[in-house]
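Work through the exercises below with the structure open beside you. Try each task before you read its solution.

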Amino acid sequence: MQSLVQQLRHFGNRTMLSIFLFGIASGFPWVMIGSVMSAWLKDAGLTRSAIGYFSAVFAVYSVNFLWSPLLDRVRLPFIGKGLGQRRSWIFSMQMLICLGCFGLSVVDPTQTLTLAGLLALGIALSSATQDMAIDAYRIESVDPEHSERQSTAAAMATSGWWTGYAGLGAIPFFVADISGWAWPDIYQVLAAMMLLISLGVWIATEPPSYREQQYGQAQAHYLKAIAGQGHRAALLLLALSLAIALCFFQVFGPQLFTQQLYVIAAVVLLLLGFTLHSMGKLLRATPAEEINIRPAHRIITWLLVSLGEPLRDFFSRNGMRLALGLLTFVLLFKLGEAILGRMSIVFYKEIGFSNADIGTYSKLLTWGVTVVASAISGLITLRIGIIKGLFLGGLVMAASNLLFALMASVGPSKPLLFVTIVVDGFTAAWGTVAFMAFISVLCNRAFTASQYALLASVATFGRTTLGAYSGVLVDGLGGNWQWFFTLTALMVLPSLGLLYLMRDKIRAIAGERA
């Protein structure tokens with residue numbers, strides 16, 4: 001094992017600086033459509049339930065894996081050649097985020113709530129796409145022969161994210177308390193800040209890539225199989241397309257009854273199961289000696305390799321049972337923290353904290369704690385291993401939620417708020433760094449954006465889709481914040497039980513990637 005000094009040196013190079021700056025760019029959009037939007041809507045007189053529903057725009061983070069293959073395969077025209085595949089996607093999405101911010105600065109949510117929601121959705125779409133490119137950049141920037149340094153990269157990314165979300169995110173709350181400043185004016189400031197953040201693209205260097213060679217091999221393999229079994233390939237592509245369409249409908253379509261959602265989810269799982277099974281049979285089949293390759297075969301091949309191969313690779317490498325277990329763990333691990341986060345600003349304002357208090361403690365203090373805690377957490381994960389890091393991180397994350405329940409009983413105590421923010425910031429950083437390092441080593445570098453996006457999308461599902469009902473949960477409890485925070489603490493227990501059952505297999509995976 002390396003000494004502490006040697007491990008600390010991993011934090012001090014240009015690659016880690018770039019990862020930190022991209023982390024800022026990743027966290028900052030959550031301010032625009034998260035905490036600032038919640039405060040704006042609260043001051044505008046909207047109900048808790050309405051604010052919670054408005055946060056449903058974050059649902060795009062849970063389905064961005066559906067278009068993640070584009071980031072692995074499509075090179076953007078013009079800027080793609082000069083900046084490289086990862087940096088060109090990042091820069092393009094940052095410009096779209098700026099435009100969305102300027103759009104929000106000229107709307108009134110009380111009069112045109114739908115338009116404000118669409119602009120927020122546009123920012124969320126751009127931000128979710130940017131995040132996929134940033135995550136792929138981070139993973140690919142670490143030498144695969146030293147993948148243990150993914151913990152260092154995860155620590156820098158987490159520190160950067162919180163610098164963007166909490167450090168820079170405190171600025172609008174301070175400005176809001178200045179006489180003459182309105183929330184639309186603040187959105188113009190946010191847009192200008194995003195323009196400055198985009199300068200990080202020019203500091204970073206494009207990581208080495210072997211995607212074209214590996215995709216070329218997969219393309220040749222699939223083309224031979226599809227040319228000999230065109231009808232089966234077309235049916236397979238139809239099933240995959242239908243699954244993708246149903247995912248979009250379930251997230252963005254009209255609200256459905258619970259029974260209907262279960263039916264759609266079951267159909268999607270059946271279609272994906274059929275797709276994975278059929279792809280295996282297709283690739284195992286022996287192609288005919290003479291193959292007549294048609295243009296349609298090339299189109300189907302490109303689509304299947306782009307959309308289906310990353311998914312097939314993940315399940316084939318891990319096995320169906322373990323892969324499903326990993327996805328379930330990823331879904332549940334940070335569910336309680338996510339639901340708490342959607343209502344934290346509303347909670348602070350309801351019990352009597354001012355915008356300045358929120359900016360100082362919830363933003364600036366959390367930022368400082370997380371930056372330090374992320375580095376410490378990265379070192380802890382390197383030393384005690386992924387299983388202990390995740391298990392202990394999950395326990396301390398849950399325990400910190402109980403401090404919010406205590407605050408709900410005591411009232412707006414600044415000393416208690418200070419202690420709560422410090423503890424919560426440290427535990428959240430610990431859990432996040434261990435979690436990010438873990439899902440990073442699960443990815444095949446030929447499909448980095450696609451596979452990491454799949455895992456991250458499952459992880460963000462609670463924060464987005466289920467988090468939209470956080471206000472309804474508080475209202476359902478009669479505004480009892482103590483019970484709300486206690487429930488969020490208990491939500492981590494199922495994931496920790498699952499982690500214990502899979503511990504040996506997970507340890508083997510991490511060891512193989514180390």
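Buried means under 20% relative accessible area, exposed means over 50%, and partly exposed lies in between. Keep in mind that this is a predicted model.

**Exercise 1. A pair in helix α17**

Task: Find how Asp 313 and Arg 317 are placed in their helix, and decide whether each is buried or exposed, or in between.

Solution. 
- Step 1. Locate the pair. Asp 313 and Arg 317 both lie in helix α17, four residues apart. That spacing is about one turn of the helix.
- Step 2. Check the contact. Their side chains meet in a salt bridge, 2.8 Å from N to O. A salt bridge needs a side-chain nitrogen of Lys or Arg within 4 Å of a carboxyl oxygen of Asp or Glu, so this pair qualifies.
- Step 3. Classify Arg 317. Its relative accessible area is 29%, so Arg 317 is partly exposed.
- Step 4. Classify Asp 313. Its relative accessibility is 8%, so Asp 313 counts as buried.

**Exercise 2. Another pair in helix α17**

Task: State how Arg 312 and Glu 309 are joined, and how they are spaced along the helix.

Solution. 
- Step 1. Name the contact. The side chains of Arg 312 and Glu 309 form a salt bridge, at 2.9 Å from N to O.
- Step 2. Helix α17 covers residues 309-318.
- Step 3. Glu 309 counts as buried, because its relative accessibility is 7%.

**Exercise 3. A pair in helix α8**

Task: Describe the link between Asp 135 and Arg 138, then classify both residues.

Solution. 
- Step 1. Take the distance. The closest N and O atoms of Asp 135 and Arg 138 are 3.4 Å apart, and the two form a salt bridge.
- Step 2. Classify. Asp 135 is buried at 16% relative accessibility. Arg 138 is buried too, with a relative accessible area of 1%.
- Step 3. Stay in the helix. Ala 128 also lies in α8. Its relative accessible area is 0%, so Ala 128 is buried.
- Step 4. Look across the chain. Ala 128 and Ser 62 are 66 residues apart along the chain, yet 8.8 Å separates their C-alpha atoms.

**Exercise 4. Nonpolar residues, inside and outside**

Solution. 
- Step 1. In soluble globular proteins, nonpolar side chains tend to be buried together.
- Step 2. Read the core. The largest nonpolar core has 143 residues, and Met 32 and Tyr 348 have the most contacts inside it.
- Step 3. Name the helix. Helix α2, residues 14-43, gives the most to this core, with 16 residues.
- Step 4. Look for another. A second, separate core has 16 residues, including Ile 226 and Leu 237.
- Step 5. Turn to the surface. Leu 196, Leu 199 and Trp 202 form a nonpolar patch there, with about 360 Å² of accessible area together. Leu 199 is in the loop between α11 and α12.

**Exercise 5. A cavity**

Task: Which helix gives the largest share of the lining of the second largest cavity?

Solution. 
- Step 1. Size it. The second largest cavity holds about 90 Å³ of space.
- Step 2. Find the lining. It has 17 residues, and among those nearest the centre are Gly 336 and Met 397.
- Step 3. Compare the helices. α18, α19, α21 and α22 each supply at least two lining residues. The largest share, five residues, comes from α21.

Key
Residues numbered from 1 in each chain as written. Predicted model: local features only at pLDDT ≥ 70, side-chain atom pairs only at ≥ 80, totals over all residues. Heavy atoms only, no water. Buried < 20%, exposed > 50% of the residue type's maximum accessible area, 1.4 Å probe, protein only. Patch = residues over 30% accessible without salt bridge, like charges linked within 9 Å, V, L, I, M, F, W, Y side chains within 5 Å. Areas by Shrake-Rupley, 256 points an atom, 1.4 Å probe, with all protein chains shown as cover. Core = buried A, V, L, I, M, F, W, Y, C linked by side-chain atoms within 4.5 Å. 1 Å grid on protein atoms, 1.4 Å probe; cavity = no way out; pocket = protein on both sides within 12 Å on 5 of 7 lines; lining within 4 Å. Points joined across faces, edges and corners; volume = space filled by probe spheres on them.
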